[in-house]
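This report concerns side-chain packing, ring contacts and backbone angles in one protein structure. Please keep the sequence and the model in view while reading.

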Amino acid sequence: MTSAKVDNPFFARVWPVFAAHEAESIRALRRENLAGLSGRVLEVGAGSGTNFAYYPGTVTQVVAVEPESHLVPKARAAAAAAPIPVAVTSQMAEDLSDGESFDAAVCSLVLCSVHDQRDVLRRLHSLLRPGGELRFLEHVASAGARGRLQRVADATLWPRLFGNCHTHRDTECAIVDAGFEMQASRREWTLPAWAPLPVSELALGRARRP
């Protein structure tokens with residue numbers, strides 16, 4: 001995985017608006033994804049810092065990686081108001097020192113947008129201590145007609161408009177392929193099943209580095 005600058009100014013303008021008006025159902029999933037974490041946590045793709053308010057007091061530090069330069073100031077503002085210490089960096093995950101070690105890694109609506117999902121997951125695996133957890137809340141590939149809609153969206157304008165978001169990814173399989181042991185995973189619908197959007201289905205789960 002090679003380091004690269006991220007520059008999606010349209011997405012950086014619209015994402016904070018979406019995040020500020022997130023449905024309570026998604027906020028509840030964010031809180032569940034972070035519940036029970038402790039120690040030092042790496043958050044990948046922090047965006048505008050939406051997760052920061054939901055971390056439990058047992059977390060001693062969050063290192064939040066956000067390579068989109070337009071979002072970093074918003075993430076730092078959110079970090080200043082967070083209930084736990086948060087350090088926001090504009091580095092890519094691959095730029096972190098091999099000497100870094102984390103008790104957990106958090107991915108929230110980011111693995112759909114990285115250029116090489118498996119490389120990112122392997123890097124997270126290497127940065128976690130043995131027994132460390134990966135927590136994830138991610139857009140994932142759906143079956144049937146919605147899956148076909150996702151493939152069309154991914155091949156056309158959707159990634160260009162929404163920060164390289166690819167909606168038809170088998171993220172749970174990629175997590176296992178990166179060396180993690182899947183502990184739990186379930187699917188959640190955040191919009192009615194009939195809604196004609198490719199990002200209605202999310203996977204919420206946790207995996208462990210052996």
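This is a predicted model: local features need pLDDT of at least 70, side-chain atom pairs count only at pLDDT 80 or more; totals for chains, interfaces and linings use all residues.

## Nonpolar cores

The largest nonpolar core has 25 residues. Within this core, the residues that touch the most other members are L42, C107, L121, L124, L134, I175 and F180. At least two residues are supplied by each of β1 (39-44), β2 (59-65), β4, α4, β5 (128-139), α7 and β7 (201-208). Helix α4 contributes the largest share, namely four residues.

The surroundings of L134 may be followed in detail. Leaving aside residues up to four places away in sequence, L134 touches A105, C107, L121, L124, L128, I175, F180, G205, R206 and A207. A further core of 18 residues lies apart from the largest one, and its members include L37, V62, V88 and V106.

## Aromatic rings

How many aromatic pairs does the structure hold? There is one such pair, and its partners are W158 and F162. A pair of aromatic rings is described by the distance of the centres and the angle of the planes. For W158 and F162, the centres are 4.6 Å apart and the planes form an angle of 40°.

Are the two partners buried or exposed? W158 has a relative accessibility of 18% and therefore counts as buried. F162, with a relative accessible area of 22%, is partly exposed. The cut-off that separates these two classes is 20%.

A charged side chain is also placed over a ring: R31 lies over the face of Y54, at 5.5 Å from the ring centre.

## Backbone positions with positive phi

Most residues other than glycine have a negative phi. L109 is not a glycine, yet its phi is positive, at about 55°. This leucine, L109, belongs to the loop between β4 (102-108) and α4 (117-127). Its relative accessible area is 16%, so L109 is buried.

N164 is another residue other than glycine with a positive phi, here near 70°. Where does N164 lie? Its place is in the loop between α6 (158-161) and α7 (171-177). The relative accessible area of N164 is 18%, and N164 is therefore buried.

How values were computed: Residues are numbered from 1 along each chain as its sequence is written. Side-chain values use heavy atoms; hydrogens and water are left out. Rings of Phe, Tyr and Trp (its six-membered ring) pair if their centres lie within 6.5 Å; planes under 30 degrees apart count as stacked, over 60 as edge-to-face and the rest as tilted. Buried means under 20% relative accessible area, exposed over 50%, partly exposed in between (1.4 Å probe, protein chains only). A charge sits over a ring if NZ of Lys or CZ of Arg is within 6 Å of the ring centre and within 35 degrees of the ring normal. A nonpolar core is a set of buried Ala, Val, Leu, Ile, Met, Phe, Trp, Tyr and Cys residues joined through side-chain atoms within 4.5 Å. Contact means heavy atoms within 4.5 Å.
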